[in-house]
Amino acid sequence: MTQQYSLQRTLGFSTVTFYGVGAILGAGIYVLIGEVAGLAGYAAPLSFIVAAVIAIFSAFSYAELSARFPKSAGEAVYIEQAFGCKWLTITVGLLVILTGIVSAATMTTGIVGYAQVFVTLPSFALITVFVIAISAIAIWGIKQSAWLVTAITVLEVAGLLYVVYVASDNLASLSIPPLPAGAEMDSSVATGILLGSFLAFYAYIGFEDMVNIAEEIKQPEKVLPVAIVLALVIATLLYMLVAYTALSVLSPAQLSASKAPLADVVISKGYSGSWISLISLVAVINGAIIQIIMASRVIYGMASRELLPVWLASVNRVTSTPIPATLLCAAAVLILALLFPLSTLAQLTSLIVLSVFVLVNIALIRLNRRFLVEAKEGKDTGHKTVHFPRWIPYIGALLCVGMLLVKAIFWWSL
């Protein structure tokens, strides 16, 4: 009989938190700030606020569920526990995998603009090289990958703070309000904010990835809930500061037209754009690594539960990583990155994630009701972990549904 190897618990609180911050940052702010500004104009900071509000309620739901069920293939496990429906569990698991793959493809596509600051290779060649590189890092090992992600996360946070620093004189004079002077919050502005928030929501995707490395975290029941919320708060503060800074320097039209918007912000202030381009490049690579790790762990988790072919649950003895699952993800990322533009991939990712968030929030509502009944009957539910107010998943589900409806109405009106 072939010996089976399992994932190893090697990650602590600080590493997991930085992993989460790195998962949330990346293409979201380094690449999509221009896309959001193109939709929302000078109200782009408000789009980020709306997206943050929508994300935070679902983050609390993920935090509570991750403490109750610290398993790989997190969302699929939550749905299985709440509904006991195999086809729904598989569907959600596949949607989460697709989210990771599409998100990694989005980031890989976003790499091109910053990479072409340094080299003149065509887009398809750069995309291919980067997919091979990030796949190799994901295969290398979770401890090594997590430490690399942590180091890169520190670098990308420093890069964002550098952008704020070079434009500090603009911020000091408050030269740009959330809306231009004299502008009113009419229907067109409100529509732009909502559409911008749908795209900006992509910038907050990543905290949910943390639950899918639960089987590689020490004491995940205690570590994950706090790390999820903390990572999202840190990212939100950075986003608001950088969005406001970028719009204090360049117009929405200039940001929207740029392939490397934060580099252009720095250049417009008389500084060299090389360093911020390099940091931006590394930051986006960082996000893509995390997405491939996440998707491969969901595949592993589902295959371990025989919801996918069992050969995908194979873990390499040397690297302690699921190599077949990782290679499958890498192939899919390469195909999507070569076929679709950045904005399309980002909006598709947001659509899938919002749908999954709705189901996860409903799963928590259902589980809370079940545990309440069992507690009243004097039964030991075995889930003496983190508990947030019971109304949180209701609001989380409603906000996600509302965002989906806004996008559906917009598409219908086109």
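A cavity is a set of points, on a 1 Å grid over the protein atoms alone, where a 1.4 Å probe fits but cannot get out, and its lining residues have an atom within 4 Å of a point. The model is predicted: local features need pLDDT of at least 70, side-chain atom pairs count only at pLDDT 80 or more, and totals for chains, interfaces and linings use all residues. Residues are numbered from 1 along each chain as its sequence is written, and side-chain values use heavy atoms, without hydrogens and water.

View 1. The whole structure holds 1 cavity of 30 Å³ or more.

**View 2. Crossing of helices α7 and α15.** The axes of α7 (residues 123-140) and α15 (residues 323-339) come within 10 Å and cross at roughly 160°. Helix α7 is therefore roughly antiparallel to α15 (angles over 145 degrees, on a scale from 0 to 180 between N-to-C directions). Their crossing is right-handed.

**View 3. Residues between α7 and α15.** Contact (heavy atoms within 4.5 Å) involves F124, I127, T128, V131, S135, A138 and I139 of α7, and I323, T326, L327, A330, V333, L334, A337 and L338 of α15. The contact comprises 12 nonpolar, 3 polar and no charged residues.

Technical notes:
Helix = DSSP H or I, 4+ residues; strand = E, 2+ residues; numbered from the N terminus. Parallel < 35°, antiparallel > 145°, perpendicular 65-115°, else oblique. Left-handed = near helix turned anticlockwise from the far one by under 90°. Nonpolar A, V, L, I, M, F, W, Y, C, P; charged D, E, K, R; others polar. 1 Å grid on protein atoms, 1.4 Å probe; cavity = no way out; pocket = protein on both sides within 12 Å on 5 of 7 lines; lining within 4 Å. Points joined across faces, edges and corners; volume = space filled by probe spheres on them.
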